[in-house]
Amino acid sequence: MDVVSDAISAVHLGHPWFHRVRVDGNWCARLESYDGAGFHVVLKGNCWLLTDGGTLVPLGVGDAVLLPHGTGHVIAGFPVDAAVAKEEAVPFDRWLAETGPRALPEGDGTEILCGKYWFDCSRMHPFMTELPEVVHLPSRVGSHLELRAAIDLLAGELDEMRPGSCVALPSLVDLLLVYMIRSWMTETTSGAWPGALGDPVTAAALRAMHSAPSAPWSNDRLAAEAGVSRPTLARRFSTLVGRPPMAYLTWWRLILAAAMLRDTPETLATIAGRVGYGSPYALSHAFEREFGTTPGRYRTQAAARSAFTANPQVTRAADASR
């Protein structure tokens with residue numbers, strides 16, 4: 001896999017939660033912070049988003065916004081400040097229940113796809129932690145074509161419940177996350193990881209490690225993969241990634257081991273072989289040094305954290321077309 005796919009897969013839990021909402025008039029709803037990433041896509045009309053950090057984002061039809069760190073925020077049908085939000089914002093779940101399914105006259109109101117992805121935030125890849133508080137992707141002609149296509153497909157699936165929708169909708173919402181992150185990468189002018197992935201030498205070494213994490217990599221072998229000398233690889237990789245190649249590989253192998261402990265019933269011996277450790281003892285020792293707990297305890301704690309995502313469910317409440 002590639003770095004971005006791995007970074008998402010290592011923390012992604014269960015299936016996304018989402019609602020399609022149709023509202024009109026003056027409305028204001030609050031979503032508290034949580035472990036994951038939130039998103040909103042405006043399918044019709046306009047609204048405003050205000051984060052707990054004070055960022056106000058106007059959203060128009062076709063706009064998408066990602067909150068990669070689960071930042072608490074308010075969405076409203078009018079420009080809102082912190083004082084107004086504190087006074088008028090209704091908890092999101094209560095707002096959904098009060099709004100309820102209702103038809104609006106053709107052309108009236110605002111229609112939004114609101115949702116969240118559940119993440120295991122105990123060990124995020126630095127690519128994910130580097131994402132800003134808010135990723136705003138305005139709808140512009142000729143820009144973010146893949147994202148626009150995903151939004152159109154989502155809108156089409158939401159308009160009419162068709163055979164296979166219960167599978168298609170969560171998959172499209174997952175795809176939306178990838179396309180929003182890709183779009184951010186094409187637009188950002190700051191951050192270490194877009195630079196690292198755009199550097200041919202560093203990117204080649206990362207691609208090699210992520211494609212075969214259990215391979216017997218060395219600095220010489222990685223340098224050969226990147227087509228440069230070992231000192232050149234060490235200098236460029238360390239500068240852009242923030243740690244030497246072999247230190248990054250060790251860290252990534254342990255992150256993979258943690259994900260397997262969380263998501264699979266594989267034995268520690270099997271996991272050790274899949275992430276490049278010669279024995280369960282060697283993996284256990286390295287794991288405890290990195291995570292501060294044993295693999296067995298980590299597995300138990302992870303199961304408790306992710307239990308609420310074990311039963312996937314497509315939620316289409318507040319869909320006024322029903």
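This is a predicted model: local features need pLDDT of at least 70, side-chain atom pairs count only at pLDDT 80 or more; totals for chains, interfaces and linings use all residues.
His73 and Ile75 point one way from strand E7 (residues 73-76), Val74 and Ala76 point the other way, and all are buried (under 20% relative accessible area with a 1.4 Å probe and protein chains only; exposed is over 50%, and partly exposed is in between). Residues are numbered from 1 along each chain as its sequence is written, and side-chain values use heavy atoms, with hydrogens and water left out.

**Mixed sheet**

- Strand E7 belongs to an open sheet of 5 strands in the order E5-E4-E7-E2-E8, with mixed pairing; two strands pair if DSSP finds at least two bridges between them.
- The edge strands of this sheet are E5 and strand E8 (90-91), each of which pairs on one side only.
- On one side, E7 pairs with E4 in the antiparallel sense over 4 bridges, and Val74 in E7 stands opposite Leu50.
- E7 also pairs with E2, again in the antiparallel sense over 4 bridges, and here Val74 is the bridge partner of Arg30.
- E2 and E8 pair in the parallel sense over 2 bridges, with Ala29 opposite Val90 in E8.
- E4 and E5 are antiparallel and share 4 bridges, and Leu49 stands opposite Val57 in E5.
- The hairpin of E4 and E5 has 4 residues between the strands, and Gly54 in this hairpin takes a positive phi near 95°.
- Val57 and Leu59 make up the covered face of E5, while Leu56 and Pro58 make up the uncovered one.

**Antiparallel sheet**

- Another open sheet has 5 strands in the order E1-E9-E3-E6-E10, and its pairing is antiparallel.
- Its edge strands are strand E1 (12-23) and strand E10 (135-137), each pairing on one side only.
- The twist in this sheet averages 15° from one strand to the next, where axes are lines fitted to C-alpha atoms (for helices over the stretch in contact) and angles run from 0 to 180 degrees between N-to-C directions.
- Strand E3 (residues 36-44) and strand E6 (residues 64-67) run antiparallel and are joined by 4 bridges; Gly38 has Leu67 in E6 as its bridge partner.

**Salt bridges**

- The structure holds 10 salt bridges, each defined as a side-chain nitrogen of Lys or Arg within 4 Å of a carboxyl oxygen of Asp or Glu.
- One of them joins Asp52 to Arg30, with the closest N and O atoms 2.8 Å apart.
- This pair links distant parts of the chain, 22 residues apart: Asp52 lies in the loop between strand E4 (47-51) and strand E5 (56-59), and Arg30 in strand E2 (residues 28-31).
- Asp52 counts as partly exposed because its relative accessibility is 48%.
- Asp120 and Arg262 meet through their side chains in a salt bridge of 3.2 Å, N to O.
- Asp120 and Arg262 are both buried.
- Glu266 and Arg274 form a salt bridge of 3.8 Å, N to O; Glu266 is partly exposed at 29% relative accessibility, and Arg274 is partly exposed at 42%.
- A network of salt bridges links Arg20, Arg22 and Glu111.

**Cavity**

- Searching the whole structure gives 1 cavity of 30 Å³ or more; on a 1 Å grid over the protein atoms alone, a cavity is a set of points where a 1.4 Å probe fits but cannot get out, and lining residues have an atom within 4 Å of a point.
- The largest cavity has a volume of about 60 Å³, a volume being the space filled by probe spheres set on the points, which are joined across faces, edges and corners.
- Its lining includes Asp120 and Arg262, along with Ala10, Val11, Ser122, Arg123, Ile255, Ala258, Ala259, Phe291 and Tyr298.
- Helix H11 (residues 245-263) gives the largest share of this lining, 4 residues.
- The lining has 7 nonpolar, 1 polar and 3 charged residues, where Ala, Val, Leu, Ile, Met, Phe, Trp, Tyr, Cys and Pro count as nonpolar, Asp, Glu, Lys and Arg as charged, and the others, Gly among them, as polar.

Methods
On a 1 Å grid over the protein atoms alone, a cavity is a set of points where a 1.4 Å probe fits but cannot get out, and a pocket is an open set with protein on both sides within 12 Å along at least five of seven lines; lining residues have an atom within 4 Å of a point.
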